[in-house]
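This report describes the fold of one protein chain. Look through the sequence and the structure below before reading on.

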Amino acid sequence: MFRTLIQQHIAKRSYTTQQQQLPYFISRTANKGLPVYTDFKNGGTQQLTIIRRIEGDAEALKNEVLTMFPDAPKNFARVNPINNQVILKGIHMNEIKQWLVEKGF
């Protein structure tokens with residue numbers, strides 16, 4: 001279901017020269033999917049959403065993602081500086097993927 005939504009959006013997307021310049025870029029996977037994953041740690045009690053394959057300023061991406069969740073606590077999102085990933089607490093994979101598709105990734 002979500003894959004068809006992405007494919008429809010890509011087909012409708014118009015390629016213009018006036019795209020907004022963002023300080024980050026998220027490249028797609030080899031199968032043309034968005035690199036947003038869920039991870040379960042600590043015996044399944046800690047649920048995480050991970051955004052991978054970020055090129056550029058991951059801190060700016062984290063701040064934009066935080067605007068989607070205004071009631072989130074301070075430690076809701078963090079950036080792993082070693083591999084440039086944004087890690088969110090909870091399962092938010094579908095919301096993040098839809099937001100990224102709307103932003104044109």
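## Surface and burial

Accessible areas come from the Shrake-Rupley method with a 1.4 Å probe, and for residues only the protein chains shown count as cover. By this method the chain exposes about 7,100 Å². Carbon and sulfur atoms supply 50% of that area. A residue is called buried under 20% relative accessible area, exposed over 50% and partly exposed in between (1.4 Å probe, protein chains only). Of the 105 residues in the chain, 36% are buried.

The structure is a predicted model, in which local features need pLDDT of at least 70 and side-chain atom pairs count only at pLDDT 80 or more, while totals for chains, interfaces and linings use all residues. Residues are numbered from 1 along each chain as its sequence is written, and side-chain values use heavy atoms, with hydrogens and water left out.

## Overall layout

Helices (H or I, at least four residues) and strands (E, at least two) are DSSP runs, numbered from the N terminus. The chain has three helices and six strands. Along the sequence they follow the pattern α-β-β-β-β-α-β-β-α.

A contact means heavy atoms within 4.5 Å. Among the contacts in the chain with a separation of 6 or more, 63% are between residues 24 or more positions apart.

## The sheet

Two strands pair if DSSP finds at least two bridges between them. Which strands make up the open sheet, and in what order? The sheet has four strands in the order E2-E3-E6-E5, and the pairing is antiparallel. E2 and E5 are the edge strands, as each pairs on one side only. From one strand to the next, the twist averages 30 degrees. Axes are lines fitted to C-alpha atoms, for helices over the stretch in contact, and angles run from 0 to 180 degrees between N-to-C directions.

Strand E3 (residues 46-51) is joined to E6 by four bridges and runs antiparallel to E6. E5 and E6 also pair in the antiparallel sense, over four bridges. Leu88 of E6 takes part on both sides: Thr49 stands opposite Leu88, and Leu88 is the bridge partner of Ala77.

## The helices

H2 lies across E3, E5 and E6 and runs at about 165 degrees to E5. H3 packs on the sheet and touches E2, E3 and E6, with a direction that makes about 160 degrees with that of E2.

How do the two helices meet? The axes of H2 (residues 58-66) and H3 (residues 93-103) come within 12 Å and cross at roughly 110 degrees. The two helices are therefore roughly perpendicular to each other, a term for angles of 65 to 115 degrees. Leu61, Glu64 and Val65 of H2 make the contact with Ile96, Trp99 and Lys103 of H3.

## Two residues with positive phi

Most residues other than glycine have a negative phi. Lys32 is not a glycine, yet has a positive phi of about 65 degrees. Lys32 is found in the loop between strand E1 (24-26) and strand E2 (36-41). Why does Lys32 count as exposed? Its relative accessibility is 60%.

Asn84 is not a glycine either, and has a positive phi of about 60 degrees. Asn84 is placed in the loop between strand E5 (77-80) and strand E6 (85-89). These strands form a hairpin with four residues between them. With a relative accessible area of 21%, Asn84 is partly exposed.

Conventions: Angles under 35 degrees count as roughly parallel, over 145 as roughly antiparallel, 65 to 115 as roughly perpendicular and the rest as oblique.
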